[in-house]
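Dear colleague,

I am passing on the structure we spoke about, and I would be glad if you could look through it before we talk. My notes on the strands and their neighbours follow below.

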Amino acid sequence: MLKLAIYGKGGIGKSTVTSNLAAAFARLGCKVIQIGCDPKADSTINLLGGDPVIPVMNFLREHDREPERIEEIAKTGFGGVLCIETGGPTPGLGCAGRGIITTFSLLADLRLFEQHKPDVVLYDVLGDVVCGGFAAPIREGYASQVLIVTSGEKMALYAANNINAAVHNFEDRGYATVRGIVLNRRNVDREEEKVRAFADANGLPIVADIPRSDDIIRYEDMGKTVVEGDPELDVSGRFLALAKLLLEEERTA
Amino acid sequence: MKQTARIISIHAADTSGVCSMLYELGGMVVVHDASGCNSTYSTHDEPRWYRQDSMIYISALTETDAILGNDEKLIADIAAAAKDLSPNFIAVCGAPVPLLAGTDFPAIAAEIEARTGIPAFGLHTSGMHSYLAGASEALEAVVSHFCTEALPRTDAPSANIIGATPLDFSVNGAVESVIGWLKKSGFELVSCMAMGSTLDDIRRASAAHVNLVVSSCGIAAAELLRKRFGTPWIAGVPVGEKFSARLASALKTAAASGGCALTCAERDASAPGRKLAIPGEAVFSGSLAAAIEADLGTPCRVLCPLEAEDRLLAPGDLRIFDEDAASAAFAEASGVIADPMYAPVCPPDVPFFRLPHEAFSGRCYRKESLNLIDHPLPWRF
């Protein structure tokens, strides 16, 4: 089972990358689960035609009980991707990090992986590893590899560096390792050079180079990923190529 | 009031279960909790504290440590202490504050092991489950780490006792009586997990022909030994003359056939009519119910207030999740055998027989504790 966590600065396009990657894995015939780990709970919306799944935290709030079946907190989207969102507490109250841990514990109790038997699990995580809850997706038993999404913008690279350092801090714990960088272009000056310098300095490969694309925005307006909307486009091909690369590595590992 | 105890006690928490199970094994047990809480796990719930050395510690977790995620301080403190103490292993587990902070104990244990070279394991306690959950996970971890070699079976029939802690058996000679009963029944003891045996004894557990599970907290470890070495297990406590004989026979059958049995649950409490109610841990209470029915002819029903798999309960037994449920079940009973702390919720017209349970009332009634093993039942109904 290929288990990936996608991290990066807020607003950098993690959910776009994650859901396109999920759609690409699905197009390649994989059984996929995508778990959004951001209180905004908007990770999977473009896999669901714009019709969101109820986040786990909302379910707990509305029903005052824990879910008894996966179906109560999951929806199936494009290509059969099972979509789950942790959601978050009432804004300004509670603890979002604890919400992620609680959700993971619930999913384990509901035997999600044993029942669904996915080939690929994707965790789309909040912008930074701000506390233990946001490191939960890279704990042992969850994601084994991390993809860091960044552009060439200074603050995106700053966040990418923080994430990389945080993951390195957990080396002795058996946590996930950073697989590489996904360059999500914003068309800033000397973008590739800046990101490559960061990647080289940290010994990380750039595993995908996603161009800034109006097609992504156009299909998101329709509640779709671009991989669903038109797999023949160059930008869709980038996601499909990344999915193939990761699958091939998993098969030969 | 649902899931509430206004009058009666609650059972010892999972942290107490960990400390109790690991107490005698020469390991260092660190509960990540606020300073002062050690007295709960190690004094009120632990009859061995004043007469037998152990290495149970509290990390003295502070608000600042919790907020800052000062795992490094915990790890460094444990590594420094371990250097002086040279424990057989290090177990680290949590309480409610680490639960809320999401502390990753298996990961912390991995760091400690990497730093000290001493086997370490993290346990998922939180103070939110009963002692059985903690004791079960702790013993399973010990078996997982130390019972790794498939030794040849002993020449003579032999057994391990699995799941013995003072929380269920106090320190009143009961465990020694189980060992004596095993010998009378034709089985040499390989190890008793985890009272009266060393870690080296437990390392030899795979040499036994059969395992006797005396508390539900021993089932996970027994299952692990069955998977690793094919050792069958029987669940039951030798109380009463006829039930003890049945248990001895089940042990011999299991040793010969390799099949497991839940002898304590081979009863039927579903027939109508008032019965003697026995609230408590499922393996012991089920065994006692079977013993009373066999020796005294009094129908019994187990009331289970603790975590227990369905298979540990007989038809007609009842799960009770709060004191209202206990009180209602007592009102329908012909009598109640229970820890004295249940007495206030027993209707006055229902006879109440006191049987202290350390996991429920701690040291409050320790002087009254009864060793029922291999002794005639002390009641007439």
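How many bridges join strand S2 of chain A to S4(A), and do these strands run parallel or antiparallel? The model is a predicted one, and in it four bridges join S2 (residues 32–37) to S4(A), the two strands running parallel. Within this pairing, A:Gln34 has A:Cys83 of S4(A) as its bridge partner.

S4(A) also pairs with strand S3 (residues 75–76) of chain A, this time in the antiparallel sense and over two bridges, with A:Thr76 standing opposite A:Leu82. S3(A) and S4(A) form a hairpin with five residues between them, and in the turn A:Gly79 has a positive phi of about 65 degrees. In a regular strand the side chains alternate between the two faces of the sheet. In S4 (residues 82–85) of chain A, A:Leu82 and A:Ile84 point one way while A:Cys83 and A:Glu85 point the other way, and all are buried.

Turning to chain B, there is an open sheet of five strands in the order S11-S10-S9-S12-S13, with parallel pairing. Strands S11 (318–319) and S13 (352–354) of chain B each have a single partner strand and stand at the edges, so one side of each is left without a neighbour in the sheet. Strand S10 (residues 300–304) of chain B is joined to S11(B) by two bridges, and B:Cys304 stands opposite B:Arg319. Helix H13 (residues 282–296) of chain B packs on the sheet, where it touches S9 and S10 of chain B, and its direction makes about 170 degrees with that of S10(B).

Note on methods:
Residues numbered from 1 in each chain as written. Chains lettered and ligands numbered in written order. Predicted model: local features only at pLDDT ≥ 70, side-chain atom pairs only at ≥ 80, totals over all residues. Buried ≥ 20, exposed ≤ 12 C-beta atoms within 10 Å, placed from the backbone. Pairing = 2+ DSSP bridges. Contact = placed C-beta atoms within 7 Å. Axes fitted to C-alpha atoms, helices over the stretch in contact; angles between N-to-C directions.
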